[in-house]
Amino acid sequence: MTEYDLVIIGGGPAGLAAAVAARKAGLESILILERDNELGGILNQCIHNGFGLHTFREELTGPEYAGRFREQVQELRIPYKLNTMVLDLAADKTVTAMNGEDGLFCLHPKAVVLAMGCRERPRGALNIPGYRPAGIYTAGTAQRLVNMEGYLPGRNVVILGSGDIGLIMARRMTLEGAKVHVVAELMPYSGGLKRNIVQCLDDYGIPLKLSHTVVDIQGKERVEGVTLARVENGKPVPGTEEHYPCDTLLLSCGLIPENELSRGAGVEINPVTNGPLVSDTLETSIPGVFAAGNVLHVHDLVDYVSQEAAAAGENAARYIRSGGTGTGRAVPVRCDGGVRYTVPASVRLSDLDPEQTVTVRFRVGNVYQNKRILVYAGDAPIYRRKARVLAPGEMETLGLKAKDLLEHPEAEQILVTLEDA
C-alpha cells in the first residue's frame with residue numbers, strides 16, 4: 001500500500017474542499033477515503049437548489065455543487081478510494097481501513113483531516129411512546145428513498161422536528177403527491193433557516209406547530225396515526241392532545257457529528273457540539289489531526305463547510321511542510337450571554353500573521369432580538385456588531401482581525417458574548 005502525507009477521512013463536501021485546498025497549497029501526496037460508492041456525500045441526495053451562492057456565486061443543486069468539487073479533484077489528480085470503510089484512527093495518526101479491492105490495510109500519514117460529516121438522531125433517542133410499526137423514517141432516509149431510490153415512503157405524513165431536512169422534505173413529499181398534515185417542533189422556535197420555513201411550509205400551506213411533540217404512535221404493523229400535544233417546561237400538557245391519521249412519520253430531530261473515530265483516537269470532544277475541540281488552525285487536541293465541516297459542528301450552509309474545510313486542508317499542508325505545530329500559548333475562546341459554543345475553542349496568538357483574519361463561528365441558544373455581538377481580548381473590546389435577530393437555526397460568523405488580537409498578547413481569554421443593543 002502506497003503511503004500518503006495527508007489522509008482525508010470522508011469524501012463529502014468537507015473532504016473534497018480540504019483535498020483541493022491542500023493540493024493548491026502545494027501538497028502532492030493526498031488520499032481521500034470514502035465509504036460510499038461515489039464522492040459527494042449527502043449532497044448527492046439534496047436535489048433542491050440553494051447551494052453555492054457564496055462559493056460559486058450562483059445557485060446550484062446539491063449534486064451540481066458536489067460535481068464542481070469532484071471535477072476539481074479529478075483535474076488535480078487527487079487519488080481517492082471509494083467503498084472504503086475506515087475502522088480505526090490511532091493516536092499516532094495510523095489509519096486502519098478496508099475495502100473489497102485492497103482488503104484490510106493501514107496508512108501512516110503525517111496529517112489527517114477528519115471530514116466524516118454527521119448523522120441524524122434516531123427514534124430510539126427520542127423516547128416516543130407506542131409500538132414500532134413500519135412507516136417511521138428519519139427525514140434524511142426519506143430524502144434518499146425519494147430522490148435517489150425512486151420510492152415514496154407514504155401518502156399521509158406528519159413530520160416531527162423543524163430542522164432544515166424536515167422542512168425541505170415537507171415540500172418534497174408535497175410535490176410528490178403526499179399530504180403533509182403538520183410539522184411539529186418541540187422547541188418554541190424552529191431549528192431551520194427562516195427561508196426554508198417560508199419556501200417549504202408557508203408557500204404550501206403546511207402548518208408549523210411550535211412547542212408540540214408526538215406523545216403517541218398508533219398502529220402495530222404500519223403507522224395509522226400519531227397524537228401531538230403541546231409542551232410546557234419540557235412536559236406534554238394534558239388535555240392538549242390532537243390526533244392526526246397518517247401512514248408515515250418523518251423525524252427531523254437534530255444532527256450528531258460522526259465522531260466515533262475521533263473518540264477512539266483520544267481527540268478531545270466539545271460536550272455542546274459533540275465535535276472535536278479545535279484551535280484557530282482547526283487542529284484537534286492530537287497534533288496533525290484536523291477537523292472541518294459537520295464532523296466539527298453542524299452547519300446551516302454547505303458553502304461554510306467548504307470554506308472551513310479549505311482552511312483545514314491548507315493548515316494540514318502547512319503542518320506537513322513545517323514538520324509540526326506552532327508552540328505558542330493557546331488562549332481559550334469562551335462564550336457567554338446566550339452564545340452556546342464557538343469554533344475555534346482556542347487561538348495561538350503568537351502564531352498569528354498580523355494581516356490575517358481569524359474566523360470564529362458560533363450558534364446561540366435561543367431567539368434574540370436587537371443584540372450586539374461583542375468580542376473581548378481579556379478586558380478589551382476588539383469587535384462589535386449589531387444583530388437584529390439571532391436564532392439557533394442560523395450559524396453566525398465573525399472575522400476577527402489578527403492585529404487587534406495581537407495588541408493584547410497577555411490576554412487570558414477571548415470572550416464572545418451578546419449584549420443589549
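Which residues line the largest cavity? The views below get there in the last legend. This is a predicted model, where local features need pLDDT of at least 70, side-chain atom pairs count only at pLDDT 80 or more, and totals for chains, interfaces and linings use all residues. Residues are numbered from 1 along each chain as its sequence is written, and side-chain values use heavy atoms, with hydrogens and water left out.

**View 1. An open sheet of five strands, in parallel pairing.** The order is E3-E2-E1-E7-E19. Strand E3 (80-81) and strand E19 (289-291) sit at the edges with a single partner strand each, so one side of each has no neighbour in the sheet. Strands are DSSP runs of E, at least two residues, and helices are runs of H or I, at least four, numbered from the N terminus; two strands pair if DSSP finds at least two bridges between them.

**View 2. Where E7 meets E19.** Strand E7 (residues 111-114) pairs with E19 in the parallel sense over three bridges. Look for Leu114, whose bridge partner in E19 is Ala291.

**View 3. The buried residues of helix H5 (residues 194-201).** Asn196, Ile197, Cys200 and Leu201 are buried (under 20% relative accessible area, 1.4 Å probe, protein chains only). They cover an arc of only 105 degrees around the axis, which puts them on the same side of H5; the arc is that of the directions from the helix axis to the C-beta atoms.

**View 4. The largest cavity.** Its lining is Asn270, Thr273, Pro276, Leu277, Val278, Thr342, Val343, Pro344 and Ala345. A cavity is a set of points on a 1 Å grid over the protein atoms alone where a 1.4 Å probe fits but cannot get out, and lining residues have an atom within 4 Å of a point.

Conventions
Buried < 20%, exposed > 50% of the residue type's maximum accessible area, 1.4 Å probe, protein only. 1 Å grid on protein atoms, 1.4 Å probe; cavity = no way out; pocket = protein on both sides within 12 Å on 5 of 7 lines; lining within 4 Å.
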